[in-house]
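Subject: Handover of a structure

Dear colleague,

Please find below the structure that I am handing over to you. My notes on what was found in it follow directly after.

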Amino acid sequence: LFVWLWYPAIRTSAPPAPYLPGAWSGLHLSGVASIAETGFDNVHSHAIADAPFAAGRFPLGVLEPGLGFAAPQYTAIAENLASHGYLVAGVTPTYSANLTVLNGQTVDRTPAGDPAVFDSSDLHAGPAQTAAEGLVAVWTADALFAAAQAAKLEAQHVNTKTLYVGHSFGGAAALEA
């Protein structure tokens with residue numbers, strides 16, 4: 001599970017971080033980058049890599065992307081939440097996102113992350129539970145885990161309030177969380 005963190009920071013003159021560093025630049029749509037998408041080096045974020053935290057304690061926001069997307073593709077939303085005083089943990093759902101980078105290695109989307117073929121039998125669910133509901137349960141568990149880890153990692157900066165927000169399939173997981 002890869003989680004991105006955005007947070008209120010002390011203003012600095014350091015240059016913005018790249019929008020999608022390293023292997024994350026593989027998030028371009030296959031075969032149409034020159035036609036339908038701009039180069040990622042033309043997209044500029046306001047985030048500063050490793051910037052010092054602003055003073056204070058902040059509510060935690062867990063951001064869940066839509067099916068196929070990765071958290072950094074929601075940078076504008078995450079930066080906006082951080083600019084309004086939230087520490088944002090953006091979850092990239094491994095096997096459901098078109099691309100995840102774990103330990104420097106890319107992991108592509110697999111059938112295990114597709115709600116149409118997800119096997120929910122290991123969740124001890126009743127027969128009425130659909131495959132999509134099973135995958136939402138996994139995403140929900142990931143969101144709760146990310147919130148707990150972010151709160152533990154940044155305990156001196158997080159207050160007790162947690163907000164879950166998501167887009168599309170991630171919205172269903174955020175609602176469940």
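I begin with threonine 75, which counts as buried because its relative accessibility is 8%, under the 20% limit for that class. Please bear in mind throughout that this is a predicted model. Threonine 75 belongs to helix 2, which covers residues 75–83. A polar atom of the threonine 75 side chain lies 2.5 Å from the backbone oxygen of proline 72. Leaving aside neighbours within four places in sequence, threonine 75 is in contact with Trp6, Tyr19 and Ser45.

The largest pocket

Helix 2 also matters for the next topic. The largest pocket has a volume of about 890 Å³. It is lined by 27 residues, and those closest to its centre are Trp6, Tyr7, His46, Ala47 and Ile48. Strand 1 and helix 2 are the elements that give two or more residues to this lining. Helix 2 gives the most, with five residues.

Aromatic rings

The structure holds seven aromatic pairs. One of them joins tryptophan 4 and tryptophan 6: the ring centres are 6.2 Å apart and the planes are at 15°, so this pair is stacked, the angle being under 30 degrees. Both of these tryptophans are buried. Another pair is formed by phenylalanine 69 and tyrosine 74, with ring centres 6.1 Å apart; their planes are at 85°, so the pair is edge-to-face. The two partners of that pair can be described in turn. Phenylalanine 69 is partly exposed, with a relative accessible area of 35%, whereas tyrosine 74 counts as buried at 10% relative accessibility.

Helix 3

Helix 3 runs over residues 131–153 and has 23 residues.

Threonine 140, found in helix 3, counts as buried at 9% relative accessibility. Not counting residues up to four places away in sequence, threonine 140 touches Ala173, Glu176 and Ala177. Alanine 143 is also found in helix 3, and it is buried, with a relative accessible area of 0%. The C-alpha atoms of alanine 143 and leucine 63 are separated by 8.1 Å, although the two residues are 80 residues apart along the chain. With neighbours within four places in sequence left aside, alanine 143 is in contact with Val62, Glu64, Tyr164 and Ala177.

Strand 5

Aspartate 108 lies in strand 5, which comprises residues 105–108. Is aspartate 108 buried, exposed or partly exposed? With a relative accessible area of 49%, aspartate 108 is partly exposed, because the value falls between the limits of 20% and 50%. Its C-alpha atom is separated by 6.3 Å from that of tyrosine 95, and these residues are 13 residues apart along the chain. Not counting residues up to four places away in sequence, aspartate 108 touches Tyr95, Ala97, Asn98 and Leu99.

Positive phi values

Most residues other than glycine have a negative phi. Two residues may therefore be of interest when you look through the backbone. Aspartate 50 has a phi near 55°, a positive value in a residue other than glycine. Aspartate 50 lies in the loop between helix 1 (33–36) and strand 2, and it is exposed, with a relative accessible area of 75%. Serine 168 likewise has a positive phi, near 55°. Serine 168 is found in the loop between strand 6 and helix 4, where it counts as exposed at 56% relative accessibility.

Yours sincerely

Terms used:
Residues are numbered from 1 along each chain as its sequence is written. This is a predicted model: local features need pLDDT of at least 70, side-chain atom pairs count only at pLDDT 80 or more; totals for chains, interfaces and linings use all residues. Side-chain values use heavy atoms; hydrogens and water are left out. Helices (H or I, at least four residues) and strands (E, at least two) are DSSP runs, numbered from the N terminus. Buried means under 20% relative accessible area, exposed over 50%, partly exposed in between (1.4 Å probe, protein chains only). Contact means heavy atoms within 4.5 Å. The expected span of a helix is 1.5 Å times one less than its number of residues. A polar contact is a pair of N or O atoms within 3.5 Å; within protein, one must be able to donate a hydrogen and the other to accept it, and residues adjacent in sequence count only if both atoms are side-chain atoms. Rings of Phe, Tyr and Trp (its six-membered ring) pair if their centres lie within 6.5 Å; planes under 30 degrees apart count as stacked, over 60 as edge-to-face and the rest as tilted. On a 1 Å grid over the protein atoms alone, a cavity is a set of points where a 1.4 Å probe fits but cannot get out, and a pocket is an open set with protein on both sides within 12 Å along at least five of seven lines; lining residues have an atom within 4 Å of a point. Grid points are joined across faces, edges and corners, and a volume is the space filled by probe spheres set on the points.
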